[in-house]
Amino acid sequence: MLGLLLRVLPFWVREPLLIVVGAVLGARITYLAVHDQDRVAAGLGAVFLVFTAIRVRVVVRALRARRNPGPAASADGAPTDAVARAWAQAQLATPAPAPAGAGLPPGPVTAGKEPNPWGQAVAAVAVFGAIAAAVWLAPDVLPAEDDTSRPASCADTEDEALPAVYEKTPRPVTGAELCEALNRPDLARLLGTPTEIATSASGTSNTAALTDGKVAQPEAEVTFDTYSVNLSATYNELSTAQYVKLVKIAGDEEEKDLRTLTVLGRPALLSSEHTMRIEISLGGEGSSGPVRQGPLARTLSVALDSKDRGGSYDITVWSESGALPDDGVLLGIAEKVLPTIPGRSVR
């Protein structure tokens with residue numbers, strides 16, 4: 001259908017239309033290819049742009065042929081094929097005068113009015129301009145190759161029964177709610193890796209270790225190729241100031257690289273600590289390996305309330321390579337994520 005339409009359309013409508021569509025598609029696909037670092041799309045965009053350049057050259061030659069009635073000759077005197085075709089099309093578009101004696105009174109014959117190529121071109125661009133704009137603005141002009149290009153979504157855990165302590169805790173947040181707050185579309189940009197896509201996202205409604213299930217501690221985790229981010233909420237009676245005193249008493253202040261500050265009007269603390277790595281053997285005869293020290297992680301702990309009466313939100317970032325973002329990254333994540341947590345959130 002498209003091929004038939006292009007054959008039926010006049011030259012001065014068809015060619016501007018091909019130029020407009022080719023230029024818009026080529027520019028749009030090339031932009032998306034650069035943004036997504038897709039070499040295949042980049043090649044496709046280059047094909048559209050080259051095709052557009054060829055059509056522009058054909059139109060330019062046709063215009064020159066109309067101004068100079070007669071095919072342009074090559075170096076050996078023979079007309080070039082491309083120019084000859086353009087000249088022939090231009091001649092066909094001009095009606096020939098009727099011969100004398102063919103039922104017409106003798107005298108000078110006035111040639112019919114030639115169609116204005118510039119008017120036809122402008123009309124074609126005006127008609128299909130809306131189509132070109134729609135193609136340019138369409139967010140899904142290129143379909144996703146597969147599901148791997150989509151960010152991971154939080155697992156649905158609404159049907160899971162919450163531990164009994166959650167009913168006794170004033171306005172506790174669940175792991176699913178933390179995951180929804182943490183798994184933001186701009187989280188990769190906040191981490192300084194804007195081109196990465198989340199590979200996994202999860203949330204669990206746990207209780208704190210060594211508390212016999214008496215302290216609610218929901219958490220969520222989002223993983224990228226470079227960094228992993230963990231967000232947890234601990235509903236205990238340990239304040240930020242008390243935790244700092246305990247670390248100083250233990251003499252771990254320098255090792256943990258403590259830094260006290262205020263975030264969103266609440267006491268906060270930055271600290272560093274190594275993660276734990278556990279190896280589990282899936283073989284029938286093998287045994288699990290010992291717990292080993294994992295990569296260093298940086299944690300920002302923010303008190304649940306401005307009076308620091310106990311409990312905190314903890315944002316932890318680490319990478320398998322051991323590299324860490326600067327502290328400003330954690331502060332930026334906290335300022336964006338914490339106000340979106342339902343319940344007793346930081347506002």
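Which residues are buried in α9? In this predicted model, the buried residues of α9 are Thr 240, Val 244 and Val 247. Viewed down the axis of α9, these buried residues fall within an arc of 65 degrees, so they line one face of the helix. An α-helix has 3.6 residues a turn, so residues three or four places apart point the same way. Lys 245, Ile 249 and Ala 250 lie on the other side of α9 and are exposed. Gly 251 follows α9 and has a positive phi, near 75 degrees.

The loop between β3 and α9 contains Leu 238 and Ser 239. Leu 238 has a relative accessibility of 33% and counts as partly exposed, because the partly exposed class lies between the 20% limit for buried and the 50% limit for exposed residues. Ser 239 has a relative accessible area of 8% and is buried, because this value is under the 20% cut-off. When residues up to four places away in sequence are not counted, Ser 239 touches Asp 308 and Gly 310. Leu 238 also takes part in a nonpolar surface patch with Leu 246 and Ile 249. Together, the residues of this patch have about 300 Å² of accessible area.

The largest nonpolar core comprises 42 residues. Within this core, the residues that touch the most other members are Leu 191, Leu 231, Val 263, Leu 300, Ile 333, Leu 338 and Ile 341. Helix α11 (residues 327–337) contributes six residues, the largest share of the core.

For the protein overall, the secondary structure consists of eleven helices and seven strands. Of its 347 residues, 36% are buried. Among contacts with a separation of 6 or more, 60% are between residues 24 or more positions apart. The protein exposes about 21200 Å², of which carbon and sulfur atoms supply 58%.

How values were computed:
Residues numbered from 1 in each chain as written. Predicted model: local features only at pLDDT ≥ 70, side-chain atom pairs only at ≥ 80, totals over all residues. Heavy atoms only, no water. Core = buried A, V, L, I, M, F, W, Y, C linked by side-chain atoms within 4.5 Å. Buried < 20%, exposed > 50% of the residue type's maximum accessible area, 1.4 Å probe, protein only. Helix = DSSP H or I, 4+ residues; strand = E, 2+ residues; numbered from the N terminus. Patch = residues over 30% accessible without salt bridge, like charges linked within 9 Å, V, L, I, M, F, W, Y side chains within 5 Å. Areas by Shrake-Rupley, 256 points an atom, 1.4 Å probe, with all protein chains shown as cover. Salt bridge = Lys/Arg side-chain N within 4 Å of Asp/Glu carboxyl O. Contact = heavy atoms within 4.5 Å. Arc of directions from axis to C-beta.
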